[in-house]
Each structure stands twice: as structure tokens, then as C-alpha cells.
Amino acid sequence: MNLAEGVQFVSLVILGGLMIFSALGVVLLSNIVYSAFLLALTFISVSGLYILLNAGFVAAAQVLVYVGAVNVLILFGIMLVNKVEVFSEVKNAWVGKAATGAVCAGLFGLIGTMVTSHPWAISTAPAAGDKAIEVIGQHFFSDFLLPFELASILLLVALVGAIVLARREFLPDLVAPQQEALTLPERPRELVAAGVRDED
Amino acid sequence: MFVLSGYEYFLGFLIISSLVPVVALGASKLLRPASAGPASRTTYESGCEPIGGAWIQFNIRYYMFALVFVIFDVETVFLYPWAVAFHKLGLLGFVEALIFIAILVVGLVYAWRKGALEWS
Amino acid sequence: MDSANIAAQLNAGIILPEGIVIVTIMTIIITDLIGGRAVTKWLPYVAIAGLLLAVVDLWGQWAATDPIAFLGAFNGDDLSVVFRGIIALSAAVTVPMCIRYIERSGTALAEFLAILLTATLGGMFLSGADELVTVFVSLETLSISSYLLTGYMKRDPRSNEAALKYLLIGAASAAIFLYGMSLLYGLSGGETNLSLIASRIAEDNAEAPIGLIIALVFVIAGIAFKVAAVPFHQWTPDVYEGSPTPVVAFLSVGSKAAGFALAIRLLLTAFPMVSEQWRFVFTALAILSMVLGNVVALAQTSMKRLLAYSSIGQAGFLMIGFIIGTDAGYSSIVFYLFIYLFMNLGAFTCVILFSLRTGTDQISAYSGLYQKDPLLTLSLSLCLLSLGGIPPLAGFFGKIYIFWAGWQSGAYTLVLVGLITSVISIYYYIRVVKMMVVKEPQEMSDEVKAYSDNDWALVGMRPLQVSLILAVTVTALAGVGANPLLQLANSAVAQTPLLQRSVLIRNAEIAVQPGHESTPMANDAVADVAVSSVTID
């Protein structure tokens, strides 16, 4: 085992352990803010795995999009609703938990057996290495052009839909002054160009 | 199998950088005098008393900005390979990227006009 | 690869109908931004015009000589043309239904139309997607737009609940589907094109590897969620009850048709090695869907929930045509989807009209409606009876074609279950009709007593009326004039190389089955027999 392989193995063990424990923490901790931060840790360790697989661009994208944007959004979402609610204890909750655990363990066993037993056809093509980003770019504009352009429509509609759902409808009779600081007022309907609302 | 040998340095960097907080905290633990008065348990030992919890309800505007940021972050990630491979893609690639950007500019204008980017 | 070469290979003319839809979406958003309130009322007509133009252009794409576009990412064969047409038409019929509904709820119309058209676009791309990445991106375009539409009435807690349930279950099923796709990618040694995946897996393995079966199960879970087949149906009743009714109408037709298009293309292209297995799984899904959908519908008190369970049952009927895998089977799916489009949208238009006037969806509220509004009663009765399969309405011909195709290829169990559950379904449809027609004036519900139908002059009511009359007319007459539709369905199947290859294999399988004497007939003969057997009945 030369140095490079040793380094890779040690990194794999560290990243894998980090990922598993932080992912378990996301699911098992009762404080949702801790879960959100641990989720960021999970994303970071996944991006470390991508680096180990020589996918530097994917790793960077993972950190940029998931840790930098999605996880921040999740945190803001949590802080936005920040209501402490006391849930009543569900009777016999352990039955559901045990069943879930059994199903997950069974699925894990099945997939694990499949992964280890199948002779995977590993590509013999040389790794792109530092050229990977360029290769990805060329794929984006040749055989993956259609999904690439469709992704822009998907992003557009996600933006439009998110704004429609997140903004507060302008209701003149319901505007309370103390609410105004915490919510986003929608512009009057004349400006947002919605339809005429007639009486019926 | 492991073709990018440069990542050994990355791992070394990672180990050193994760040692920094451990060493800093451990050293201060060894060096500082031990005291267990009630004042050392407060958030700011010699500052103001903090009022209320730190987990307050956030303004929805943060959320709107984060939301718009997610979309345009993804757009950036998509456009980066295009910029790197630009000289190989030629005019057709330029036109295709222009379509991509044009569609998302409509989204930006939408967000702008509907007041999602306004603070007050 | 130089750019001129790529430009020639893209063959972008194949996706011109989708291009038209994209331009329509952009037009709607930009017009709404610039024009403001004054132009908003014209936007639905822009949307309808765009969709109809796309349908017309699809007609021009019929029997394209070179259907492969975008270097294999998209396949514009006749199967995809038919399904894209069905999805675009279902959206075009949905748009007039939603104008009044959106007006009443006080939400923005332009965004609703843009999101609805994006869902349509996702469905259209999904029908022709021939490559894993395209499949997933178009599936997500359809799904994310559907979640947004479901939660569009954000001040209505039921709509919020429906959107949240749909989002959570949908995201979970998309994740499972994606896992199955990643297995396909790995098993084929890094291919994303569906036919290349199949050939690579067949080269590397003498018999189906266990990974392929796991991939199949995961992929079926994703598809069954989209078409709402039992046991992946749990979201359906709650989502149908809570979401805005025009959205439900689109989900029950457009989204379902896209799911079937995906199922046919993905399973036939990428999983030929395990065709026995997926036929078996789908047989189970079909029987469960028919039985559970139709039996649970008996106990419903809300009209939207009734239609939700009925749509689950209808998905079960459609699956019969897919399982038998003959020429007649596939063309019966296309034929039935066309008819289902109009009868189901017609039923939903009636539900919208009734709930706009009374504000309720309860079945008991419909009692005595005949006294007050004969037109609505007649329309709803026709659509419901057609859904149940009463002759001479269109639904009867669709169902008889599916059952006949199934019987021909020896799927006796499926056809028998289908027949029995059809009879059950007739019971609950007729219960509603009886509620509307037979009641004495003193048994009239309070809602109907306060009913008035002189609101046709209000904004958005005329388009609703047009949509209703169109749907009901087609439902009433499509069965009698079914020949062009049948020919369309038959030639779509005959001109699709993908289907023809699998039909040849399937016919050979059926011919060697014990206890089955008659060999399947030629395509045209099949159609003729179908029509004659139908008219004799």
C-alpha cells in the first residue's frame, strides 16, 4: 500500500464515519436546529467522498449548492416557523420504530448483498482528472443539452412558484401592524396584475 | 486508482486545520485558572446580560433571499462548465447558454418586479 | 465534434411543439410583468392558443422519418406524439375550467397558467424522453409544478395539507426512482441511453442480474406513484380532495398519461430481460387498483374523493392493455386515454361548476339538482355513466376494446376482474345520477334549494361552459364516431418501432401459451373486429 492509497483509505474511513454519525444525528436528535446543522455536516462529508472519487467539480457544487444554499434555506425555514410545540406521547410508538428499523435493515441487507455479489463493469476509460469540468461542459452542450435547457425552465418555475407561495396575499382588512415586521407584504393587486375580483 | 496525488496535501491541510481548534481550546484549558463562580457561566462574562433566547423568529425576508439565492446558485453551477469549456463549444454553445440565461433572467425580473428582492 | 455537426445532429425540429409551449410560458410571464391587470384576462386564451398550436404541430410530426432528436435524448416516434397530444389537449381543456375558479379564490391567474403549462411541458418531454437524465429532469419538471399547483390555494388549509402530503410522498418516490435509475447506470457500465442500457446489460450478463430486478422494483415504485396505482395510491384521495379542482382534473388525466408513457417506454426499452417479472408485478398492481379503487369508491361521500378512487380504478383498467403487450393492447390504452381525457375532464368541469355555485363537494348536496339545473345534471350524468362504461357512451367502447384485447391474448383473470369491478363502479356512478335525478322536490338539499344558474355572464363562466360542452359532446359521440380515433391509435402503435419489436416477441410468447388456440390477427383486422364486436353489442 503506497502513500496515496493509504491516504485514500484513511480519508474514506474518516468521511464515512462522519457521514453515518451525522446522518444518524439528523434523524434521531429531537432538536431540529441541531439536525439542520448536522445535515450540513453530512453534505460536507458527501462532498469529501466526491473528492475521493476524483469528482472535484461535483464536490464543489455539493458544497456550494447544498451546504451554502439549501441548508441555509432549511435553517431559515426552521427559524421562520420557530414554534415550540409539545407533542403528546404516542402509545406504542416503538412498534412503528421497530417496523421501520426492520424494513430499513432488510432493504440495506438486500442492496448490500446485491452490490457485493454483482461483478460491476468498471469503465476502463482513463479518468478525466483536471479536465473533468471541460468534459462536463461538452456533455452539457451535446448529448445532455435537452435536460440542461429543461433545467432552466424547471428553475424558473421553481422560482415563480416559490415566490407565489411564500409571499403574503395582500389583504387590506387583515393587515395587522405587529405582523408587518415579520412577513413580506405583497404589493397591491393593481401592481401585481392579478385578475379582477368581482362580487358574487 | 487514486490518480490525483495532490489530495494528500489536502488531507494534511484538513488534519492541521481540524487540530487548530482542538489545540487552541486544550491549551487555554490547561493555562487558564480554574474558577467556578456563577459569573463564568453567563454568555458574556463581563458584558451585558443577554435578553431572551437566541432562537428568535426570523424575518421572512431572509427566507425569500435564501430562496432566490438557491435558484441562482444552481444556475451558476450549471454555467461554470460552460465557461471552462467555452473555447471548445463555439458559437452554438454560446447560443445555447444564452437561451439558458435568458430564461433565468426572466425569473430574476419576475422576482424583482414582485418585490421578492426588496428589504422594506 | 464541431458545432455545425452537432447542430445538424440535434434535429431540434422534433421538439417544436414543446418549443411552442415554452414560448407560451415565457409570453405569459412577461406579459403579466409588463402589462399588469389590463392584459391578465387575455392570458388564458394565449395559453389555449399555444397549446392548440402545439397539438397542430404534433399532427405535423406524425410519422416523422427521423424521430431521434438531441443525440438520442428525445424520441419523437408516433407513440410519443400521441401521448404528447393527449397531455397538451388535457391542459388545453383544463385552462378554461380554471379561469373562474382562480377568480373566485382571489389568487393570481398568470402564475397559475405558467405553472400549469410547465407541468404540461414536463409531461410532454417525459413522453418522449429516451435517456435517463432527460427522463428524470422532465419527471421533476412535471412533479414540482404539480406540487406547486396543489398548494396554490395557500389560504385554504386543505390545499396546504394536500401540497405537503404530495410533496413528501412524491419526493420519497422520486428518490426511490432515482436510485433505480442509478442502478441501471451502474449495471450498464455507465450508459444513460435506454436502449444502450438494455443492450449493454444483455451483453454482460447471460441472465438477468439481481441488481436489474431491484432496479425494476424501484423504477416501478416511481411510476406507480405517478399513475396512482394501488398500493402507491395513498396520496391520491387526500390530494384530490384538498387541491384546487382544475388541478385535480389535470393530475388525473395529464399526469397519469405521462406516467403511462414513461412506463411503456422505460420498461419496454430498458427492461426486456425481465419482461416476465414486470408483467407479473403490473398484473398485481392492476388487480389491486381495480378492486380497491372501485370498492372503496362505494363508501365515499365527497364527490372529489369518489372521482379520486374512480381514477385509481381507471388506472387499473389501463394497465391491462399494457400488461398484455399486444398491438391491440397498446392501441386500446391510447384509445381509452383519449376517451378518458374527455369524460373525466367533463366530470371535473361539472364538479367545479357545482362547487362554484354552492361551495360544496358533498355527494348528498347534489340531490334534486335536476329540478334546478337540467344542463348540469345531464352533463354530469353523461360523464359519470361513460366513466362507468354504459353503452352507447364513449367509455363503453374504450372499456370493451381493452377487455376484448385482453381476452384475445389470454389474460382471462385480468379481464374477469375488470368486468366485475366495472359492474361495481357502475353502482356508485349511478348512485350519484339517481341522487340528482330521481329525488322529489321536497328531498332537495339545502344547497340546491339556494341554487341559481343565472351567472353565465360573470368573468370566466363562458370558457367553463365551452369546456363543459366540448367534453360532454365528445363523451356522448366519440363512441359512435370512434373509427378515426381507433385508426389513429392503431397506426400510432403500428408505426412505433419500439412497440413493434416488443409486440413480435410478445406474440410469439402468447402463441406458445397452453390453452390458447387463436393466434393474434394482423393489426387492421384486429381493429375491424373490435369495431364490429362493439357495434353488435
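1. Basis. This is a predicted model, in which local features need pLDDT of at least 70 and side-chain atom pairs count only at pLDDT 80 or more, while totals for chains, interfaces and linings use all residues. Residues are numbered from 1 along each chain as its sequence is written, chains are lettered from A and ligands numbered from 1 in the order in which they are written, and side-chain values use heavy atoms, with hydrogens and water left out.

2. Fold of chain A. Chain A has 8 helices and 0 strands, in the order α-α-α-α-α-α-α-α along the sequence. Helices (H or I, at least four residues) and strands (E, at least two) are DSSP runs, numbered from the N terminus.

3. Burial and surface of chain A. Of the 200 residues in chain A, 39% are buried; buried means under 20% relative accessible area (1.4 Å probe, protein chains only). Chain A exposes about 11,700 Å², and carbon and sulfur atoms supply 72% of this area. Accessible areas come from the Shrake-Rupley method with a 1.4 Å probe. Among contacts (heavy atoms within 4.5 Å) in chain A between residues at least 6 apart in sequence, 38% join residues at least 24 apart.

4. Size of the A–B interface. Chain A brings 60 residues to the contact and chain B brings 55. Together they bury about 5,500 Å², with 75% of it on carbon and sulfur atoms. Buried area is the accessible area (1.4 Å probe) lost by two parts on being put together, summed over both.

5. B:Lys88 and A:Glu134 form it, at 2.9 Å from N to O. On the side of chain B that touches chain A, α1 (7–31), α2 (60–84) and α3 (86–113) of chain B each supply at least two residues. The largest share, 21 residues, comes from α2(B). By class, that side has 40 nonpolar residues (Ala, Val, Leu, Ile, Met, Phe, Trp, Tyr, Cys and Pro), 6 polar and 9 charged (Asp, Glu, Lys and Arg; the others, Gly among them, count as polar).

6. C:Thr94. This residue sits in helix α5 (residues 78–105) of chain C. C:Thr94 counts as buried because its relative accessibility is 1%. A polar atom of the C:Thr94 side chain lies 2.5 Å from the backbone oxygen of C:Ser90. Leaving aside residues up to four places away in sequence, C:Thr94 touches C:Leu116, C:Pro246, C:Phe250 and C:Leu345.

Technical notes. Buried < 20%, exposed > 50% of the residue type's maximum accessible area, 1.4 Å probe, protein only. Salt bridge = Lys/Arg side-chain N within 4 Å of Asp/Glu carboxyl O. Polar contact = N/O pair within 3.5 Å; in protein donor to acceptor, adjacent residues only side chain to side chain.
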